[in-house]
Amino acid sequence: MGAAAKTACALIFITVLNGAVFRPTSSDPSDEACLTHLSQSIQDATKTLQNWTKSTFANPCSGFTSYLQGATCNNGRIYKLSLTNLALRGSISPFLANCTNLQALDLSSNFLTGPIPSDLQYLVNLAVLNLSSNRLQGPIPPQLTLCAYLNVIDLHDNLLTGTIPQQLGLLVRLSAFDVSNNKLSGPIPVSLGNRSGNLPRFNATSFDGNKELYGYPLAPLKSKGLSVLAIVGIGLGSGFASLVLSFTGVCIWLKITERKMALEEGKISHLMPDY
């Protein structure tokens with residue numbers, strides 16, 4: 001073997017010993033668990049997510065390069081997941097919380113059902129949450145308040161029920177909020193409907209389409225009919241009116257009866273002989 005070849009082999013050997021051989025780095029175990037459980041909780045009927053396989057979950061990123069469809073990487077970690085308008089079915093895995101570097105989660109315009117996992121509270125770096133246009137049910141988790149960096153919460157066009165958690169008003173970075181077209185009820189928290197200071201304010205379009213929801217900035221309920229006070233007032237007024245009418249009727253009846261009795265007495269006294 002020539003001197004040049006020996007030198008090259010020595011360099012390769014040293015490089016291997018130093019662990020500097022160029023090969024895909026393994027993913028963070030948390031990201032791998034996150035992706036594995038998410039893939040198990042959803043059904044990809046259109047087979048769009050072809051590379052969502054166990055081997056890819058083991059190495060989804062290389063620096064800023066992503067090998068996984070819908071994923072964006074940052075320094076070898078999952079930074080963003082965008083699986084929008086893919087006709088996905090199933091539910092949202094609570095194990096998404098394992099993607100601790102996640103800053104944007106967009107699962108909008110699918111057919112996902114079930115609740116919004118409260119475990120999303122552990123995504124402490126999350127800035128964008130878009131779960132709109134699905135069939136999600138149950139309440140909005142108040143634990144989302146722990147995602148202090150949230151700028152966007154978009155949950156419109158789902159089947160969410162219950163009240164809007166007042167705690168969400170504590171998210172001072174929140175600049176976009178939409179829960180329209182759900183089945184939410186109760187009052188709109190003042191901390192969201194009428195924000196003070198320099199905090200971004202949300203107009204009625206953020207809350208429209210929830211029949212049982214009320215309060216500013218929504219217009220006063222008209223489709224619900226009269227307010228409780230009005231109904232009570234009408235009830236009391238009707239009762240009083242009924243009482244007056246009944247009393248008037250009794251008075252009229254007594255007058256008529258009295259007149260009849262007077263006439264009868266007149267007839268009797270007229271027929272009696274004088275003594």
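Thr72 stands opposite Lys80 in strand E5. The model is predicted, and in it strand E5 (residues 77–82) pairs with E4 in the antiparallel sense over four bridges. Both strands belong to an open sheet of six strands with mixed pairing, in the order E4-E5-E7-E9-E11-E13. Strand E4 (71–74) and strand E13 (176–178) stand at the edges with a single partner strand each, so one side of each has no neighbour in the sheet. From one strand to the next, the twist averages 15 degrees.

Further pairing involves strand E12 (residues 159–162). Strand E10 (residues 135–138) runs parallel to E12, and two bridges join them; Gly138 has Leu160 in E12 as its bridge partner. E12 also pairs in the parallel sense with strand E14 (residues 183–187), again over two bridges, and Thr161 stands opposite Lys183 in E14.

| Disulfide | Distance between sulfur atoms |
|---|---|
| Cys34 and Cys99 | 2.1 Å |
| Cys61 and Cys73 | 1.9 Å |

The disulfide of Cys34 and Cys99 is left-handed, because the torsion about its S-S bond is about -105 degrees. Cys34 lies in helix H2 (residues 29–41), and Cys99 lies 65 residues away in the loop between strand E6 (89–91) and strand E7 (104–106). Cys34 is buried, at a relative accessible area of 0%, and Cys99 is buried at 0%.

For Cys61 and Cys73 the torsion is about -70 degrees, so this disulfide is left-handed. Cys61 in strand E2 (residues 61–62) and Cys73 in strand E4 are 12 residues apart. Cys61 counts as buried at 4% relative accessibility, and Cys73 counts as buried at 4%.

Note on methods. Residues are numbered from 1 along each chain as its sequence is written. This is a predicted model: local features need pLDDT of at least 70, side-chain atom pairs count only at pLDDT 80 or more; totals for chains, interfaces and linings use all residues. Side-chain values use heavy atoms; hydrogens and water are left out. Two strands pair if DSSP finds at least two bridges between them. Axes are lines fitted to C-alpha atoms, for helices over the stretch in contact, and angles run from 0 to 180 degrees between N-to-C directions. A disulfide is a pair of cysteine sulfur atoms within 2.5 Å. Buried means under 20% relative accessible area, exposed over 50%, partly exposed in between (1.4 Å probe, protein chains only).
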